[in-house]
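Please open the viewer and follow the stops in order. Each stop says what to select and what is there.

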Amino acid sequence: MNTPSSRTASVPPPPLVIDTRDYDRLRALAERALDTAPDVAQYLLDEVDRADVMPPELMPGSVVRIGSLVTYQDAASGSIRTVRLVLPPDADLAAMRVSVISPIGAALIGLREGQSIAWQLRDGLDRVLTVTRVLND
C-alpha cells in the first residue's frame, strides 16, 4: 500500500483548504475508519486538522474537495491520472472513483492546482504527486 507522508522527500507539506461541510464529514469518516484502516484514517485526521477551514461559498474552485475531478501527475514516473474523489460508498476503482478514506484520496483532499504532496511507498521509495487540474461541479 502507498502511504502518504508529509515527512518524505524534499517536499514540505502543502497548505490545505477544506470547506466546513467536508471538514465535519471527513473527521467523522476518519474516526469511524480508525479500526479498519488506522494508517489512512490517522493520516486523514492529521491532514484535516492542519487545514484551513472556510465556508463552502468562499472555497476557491481550484481546491480538491469531495466530488472533485482531479488530475495529478507522479513526478517519478511521469504518469498522469484523473480520478473523482468520493465518499466510501461511491468508490469504484474501475470507474476511477477514489474514496477519501484511501491513501490517494486522503493525500489529495484540500490541495490546490499546482500543489505537490510527498508519498512514501511500502519499500521506502519516495514519490511526489502534483495536482494539475481540479474540476468541481
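**Stop 1: a serine in a strand**

Select S99, which lies in strand β6; a strand here is a DSSP run of E with at least two residues, a helix is a run of H or I with at least four, and both are numbered from the N terminus. This is a predicted model, in which local features need pLDDT of at least 70 and side-chain atom pairs count only at pLDDT 80 or more, while totals for chains, interfaces and linings use all residues. Residues are numbered from 1 along each chain as its sequence is written, and side-chain values use heavy atoms, with hydrogens and water left out.

Is S99 buried or exposed? S99 counts as buried, because its relative accessibility is 9%. Buried means under 20% relative accessible area, exposed means over 50%, and partly exposed is in between (1.4 Å probe, protein chains only). Show the residues around S99: not counting residues up to four places away in sequence, S99 touches L85, V86, L87, P88, A91 and G105. Contact means heavy atoms within 4.5 Å.

**Stop 2: from S99 to I101**

Which backbone atom does the side chain of S99 reach? The side chain of S99 reaches the backbone nitrogen of I101 at 2.9 Å.

Now select I101, in the loop between β6 (97–99) and α3 (103–108). I101 has 18% relative accessibility, so I101 counts as buried. Leaving aside neighbours within four places in sequence, the contacts of I101 are L29, A30, A33, V40, L44 and P88.

**Stop 3: a positive phi**

Select M96, in the loop between β5 (80–86) and β6. M96 is partly exposed, with a relative accessible area of 34%. Its phi is near 60°, a positive value in a residue other than glycine. Most residues other than glycine have a negative phi.

**Stop 4: helix α1**

Select residues 20–33, helix α1. At 1.5 Å a residue, its 14 residues should span 20 Å, and the end C-alpha atoms are 20 Å apart, which agrees. The expected span is 1.5 Å times one less than the number of residues.

Colour the buried residues of α1, which are D22, L26, L29, A30 and A33. They sit on the same side of α1, because they cover an arc of only 95° around the axis; the arc is that of the directions from the helix axis to the C-beta atoms. These buried residues pack against β2 (17–19) and α2 (38–50). Turn to the face away from the buried side to find the exposed residues R21, D24 and R32. At the start of α1, a side-chain oxygen of D19 comes within 2.9 Å of the backbone nitrogen of R21.

**Stop 5: the core and the whole chain**

Select L26, L44, V100, I101 and L108, which touch the most other members of the largest nonpolar core, a set of 33 residues. Such a core is a set of buried Ala, Val, Leu, Ile, Met, Phe, Trp, Tyr and Cys residues joined through side-chain atoms within 4.5 Å. Its largest share, six residues, comes from α2.

Of its 137 residues, 42% count as buried.

Key:
A polar contact is a pair of N or O atoms within 3.5 Å; within protein, one must be able to donate a hydrogen and the other to accept it, and residues adjacent in sequence count only if both atoms are side-chain atoms.
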